[in-house]
Amino acid sequence: MAIRITEPGLATTVQDTGRPGYYHVGIPQGGSMDQLSAELANALAGNTPAEAVLECTYIGPRFTTDTDAVIAVAGAPVDVLVNGTPREQWTRLKLVAGDEVSFGMIRAGTRYYIAVQGGIDVPMVLGSRSTYALGAMGGFEGRALKAGDALDVGTAGLERHASAADFIDESLRPSFAKEITVRVMPGLYDHRLTEEGLNTLFSATWKLTPVADRTGLRYAGPSVSWKPRVQPFGAGSDPSNIVDAGYAIGSIQIPGGKEPIVLHRDAVSGGGYAMVATVISSDMDLLARSAPGTQTTFTPVTMEEALAARDEGKTLRSRIWGSAGQ
Amino acid sequence: MSDTALHLDAARYTWGGDEFLFVEIAEGMSLAANFKANAMAAALGSRTVQGITDICPANASLLIRFNPDDLPPSALEEAVRGVEAEVAQMSQHTLQTRVIEVPVWYDDPYTRETGARFRSGHQRPEGNDLDFAAEENHLASPAEFISRHHESPWLVSMVGFVAGLPFMFQIVPQDQQLEVPKYLSPRTDTPALTVGHGGCFACIYSVRGAGGYQMFGIAAAPIFDPAQRLSDFDDFMIFFKPGDIVKFKPVDEDEYRRIQELVADGSFTYRQAPVVFDLERALAHPTEYNQEITEHLNGH
């Protein structure tokens, strides 16, 4: 079976859980920005968490299916239309051959995910079906979808169809708030900020700018001061510069003391700006759901707290897949 | 003479959230710091520690990604500190690597045109990036800068930023390093295969995109080949590895076009030869040693 794209949407890409293991040569993990929403869509469609889905950003695609199909839409709140008739998110949708699916405007957040039973079947590249557009690899021909593309659908998970979740309870769904608190672990080069600078980072309210994509998110707010110093050899002339180093995914850099940038799943793997804290892994999805204008505070936590948050995430996932009959 | 010293203080360990350990070998760039970063990465890789997903050696640091569900942070730190101690005990500072000839069309029209489009925010709006680089290094002319750029070889000190982009550090004493500031504000466009320079590092942009390094020329053949069309990419889509030694070869337009034809018909291969890089000799006698390394390309 195939999904035929009649309108591509703004930036619709094939994504999965990502491509670990190649960061040392500059290929980022990639994968669905909002991993939880993608996983929920897969659970509803009767897939495993590993199947590839379509990530839709702001404006979704219009497509038809050439056979009967089962799909699910999870993530940012949006009107789902099948042949022009409104249908529900967070539930399993049965399509018949020739049905056309389209979407309204999102009402909050940034991204929603379309899972198709069997998973989107594009070639595996370095262990993943995720699109890495900058490197023109993975996904569908290494790029965002275009009108006229035909996507194959796989057969994975079809035998588990009967036991999959029909509906995701509201208590399991992520929220898409206009004000969020993001937990971060201070570290890396935080000693290069002045005490006042560090206080500013953790006490200010930061507003997400429109410069927010799969690579990173830039925030507007007050200036953050760096300690003056004689720069080490090769580090560049600004106090926010370091000798080019590897960038942790989720790390926060503040070039020139202005407009912090948080790197996300398609991060550049390294560069010459000092990082001063890192968003904990459990809150990366929260960032991915932030729309421009979101008022954001960064609150410092310890490694122990970050690990406890991971454990909570595991409990949530066992409830999801528990309700899917696993 | 700190740049020629082999001795380095103990590294600094710090966490990048719950999935990354960052090890700063030294604040400043040096061959010794880069050698230690790569030696630690290699030693850690050979231990195959369960729970480590990525080992990323950088210019003077090391970034390690791990899954704390499989490997507690304290156990990872202990393993890496063990590797650091092991590397400190190494009596031989040699690296089995290769020297590669990279043809470059310096002062080419593609990077010149791109540079002209982003001139208004440049440190030196008149002239081009090569004029600026020559001036910054107190050299008489862009031609002299170009000579300095290709006369001595470069060590690939890090691969990253984007897929397959090599950062390179010239194997010369610190007082002879070419240093050029980055663009004041990054460009939104850089031609693929641009030979760039920022701080003391050269790079080759593997793909078209944003960039902040000054632009001096364009490499004639690909360094990232996701379709793995050329035979140099049979094993992997990315050509460069940390530790590779690069000798730039200036080519004129005719030779650039001829290489492009070889790339188009799939027959291009890089000239390269295996070599053992000896850090102590490189630090003690750089001029003679560089001569010796690059002669391997001629089968000597």
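**Entry 1: strand 20 of chain A**

I looked up strand 13 (residues 206–212) of chain A and found that it pairs with strand 20 of chain A in the antiparallel sense, over two bridges. Strands here are DSSP runs of E of at least two residues, helices are runs of H or I of at least four, and both are numbered from the N terminus. Two strands pair if DSSP finds at least two bridges between them. In this pairing I noted A:K207 opposite A:Q295 of strand 20.

The model is predicted: local features need pLDDT of at least 70 and side-chain atom pairs pLDDT 80 or more, while totals for chains, interfaces and linings use all residues. Residues are numbered from 1 along each chain as its sequence is written, and chains are lettered from A and ligands numbered from 1 in the order in which they are written.

I then turned to strand 12 (residues 179–186) of chain A, which pairs with strand 20 (residues 295–300) in the parallel sense over six bridges. There, A:V182 has A:F298 as its bridge partner.

**Entry 2: domains of chain B**

I recorded domain 1 (2–91) and domain 2 (96–298) in chain B; the bounds come from an automatic or database domain assignment. Their C-alpha centres lie 27 Å apart. I found 13 residues of domain 1 in contact with 16 residues of domain 2, contact being C-beta atoms, placed from the backbone, within 7 Å.

On the domain 1 side, helix 1 (31–46) and strand 3 (52–57) of chain B each supply at least two residues. Helix 1 gives the largest share, five residues.

Conventions: Contact = placed C-beta atoms within 7 Å.
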